[in-house]
Amino acid sequence: MSKELVDALNALEAERGIDRTVVVEALENALKAAYKKQYNAAQNVEATFDDKKGKMTIKQVKLVVLDEDFVDADLEISLSDALKINKAYEPGDEIRFDVTPKDFGRMAAQAAKQVIVQKMREAGREAIYNKFQDYENEIITGEVERQDARFLYVMLAGQQEAVMAPGDQMPNEHYRMRDRIKVLVTKVDNNLKGPQIFVSRTAPDLVKRLFEQEVPEVYDGTVEIVSIAREAGDRSKIAVYTHDADLDPVGALVGQRGVRVQNVVNELGGEHMDIVEWVEDEAQYIANALNPSEVTDVIFDQENERVVTVIVPDDQLSLAIGKRGQNARLAARLTGFKIDIKSESEAGDLLKASAAPEIAEDEVVSESDTPADFS
């Protein structure tokens with residue numbers, strides 16, 4: 001057993017990178033616990049393992065006390081008896097006696113096996129955790145394995161299973177077994193059951209990582225994706241910026257004949273992409289964010305700096321708001337402003353009403369429906 005155990009320790013250290021001192025410490029604790037359980041021994045025992053020879057021993061520790069203070073033979077040894085062993089002993093010293101049972105080999109072998117298996121399992125879990133922790137917030141390709149009421153299960157490299165919650169699944173996609181999909185690793189947990197990896201197809205950063213794969217200028221930082229607002233499976237707005245005055249950041253993402261953006265759209269099942277330029281002028285940035293509609297004016301609220309009223313031509317109102325308010329809603333998320341959209345005629349009526357001092361404030365009635373308000 002001794003040679004096999006030493007060989008096993010050497011293999012664990014060489015092949016799995018497990019520190020042998022950690023294994024030896026765990027083995028000694030297991031041997032101590034096994035001995036105390038089997039022989040109903042007192043607490044004052046120590047287990048030692050010689051990791052060079054593979055020899056295991058159990059020792060009982062006794063405290064040297066004055067003869068008149070001697071009470072418990074399991075825990076103590078009188079000074080007179082201690083001096084018979086070695087004349088240098090004094091009260092307070094500890095003496096260790098070898099109490100290794102003759103039949104301890106089988107029990108020790110079992111404990112050693114359990115410790116080694118446990119350490120191998122822990123090392124495997126730690127290696128998986130460390131590997132996928134490095135992939136957090138990155139794209140990885142996996143294969144759809146199965147689905148239940150709680151999760152979609154995706155098999156990643158190394159036969160490691162990841163889970164995708166319903167909220168992370170694209171509403172316009174139907175997943176089938178063995179479908180290969182790109183997912184964003186959003187979280188890696190390490191618990192008692194081992195590493196658990198969470199992935200997503202709906203996270204805004206998935207769009208960013210896909211553009212990094214398609215657009216060299218984004219990957220190397222020449223073009224920066226400043227903000228993303230996304231309604232997964234339907235539409236995304238992306239604000240981009242560059243310090244290079246000779247480079248069109250929007251054109252860089254679109255690519256020649258739209259090839260780059262189309263590759264991202266295809267990967268996301270036809271999700272529409274609105275790419276707009278981020279600028280320091282907040283009014284212009286808000287106007288850009290409402291693309292494809294035209295904007296006549298952007299008026300900032302004097303009482304709340306994060307609230308704006310956007311004026312658009314009458315024939316652009318529906319386009320600015322978008323289907324079910326989507327365009328305005330995404331523009332608000334992209335810019336961080338609460339956006340109130342009015343047509344030019346609505347704005348004109350309100351200005352006229354506010355300019356009539358003879359009419360009491362509570363008598364002013366808008367001729368239009370309540371204006372759209374998005375945040």
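Before reading the sheet, I noted that two strands count as paired if DSSP finds at least two bridges between them. I also kept in mind that this is a predicted model.

Entry on strand pairing. I looked up strand β7 (residues 160-164) and found that it pairs with β9 in the parallel sense over two bridges, and that Ala-162 has Ile-197 in β9 as its bridge partner. On β8, I found that seven bridges join it to β9 and that these two strands run antiparallel, with a hairpin of two residues joining β8 to β9. Asn-191 has Gly-194 in β9 as its bridge partner.

Entry on burial. I then asked how many of the seven residues of strand β9 (residues 194-200) are buried. Five of them are, so β9 is largely enclosed by the rest of the structure.

Entry on the cores. The largest nonpolar core has 40 residues, and I noted that Phe-211, Ile-238, Leu-253 and Met-273 touch the most other members. Strand β8 (residues 180-191) gives the most to this core, with five residues. Apart from it I found another core, of 24 residues, among them Ala-34, Ala-47, Met-107 and Ile-116.

Entry on Ile-238. Leaving out residues up to four places away in sequence, I listed the contacts of Ile-238, including Val-207, Phe-211, Leu-253, Met-273 and Leu-334.

Entry on the annotation. The unreviewed UniProt entry places "domain: K Homology" at residues 232-295 and 304-365. Over residues 232-295 I read 36% helix and 22% strand, with the end C-alpha atoms 26 Å apart.

Notes. Residues are numbered from 1 along each chain as its sequence is written. This is a predicted model: local features need pLDDT of at least 70, side-chain atom pairs count only at pLDDT 80 or more; totals for chains, interfaces and linings use all residues. Side-chain values use heavy atoms; hydrogens and water are left out. UniProt positions are given in the numbering used here, feature names are shortened, and annotations may be inferred rather than shown by experiment. Helices (H or I, at least four residues) and strands (E, at least two) are DSSP runs, numbered from the N terminus. A nonpolar core is a set of buried Ala, Val, Leu, Ile, Met, Phe, Trp, Tyr and Cys residues joined through side-chain atoms within 4.5 Å. Buried means under 20% relative accessible area, exposed over 50%, partly exposed in between (1.4 Å probe, protein chains only). Contact means heavy atoms within 4.5 Å.
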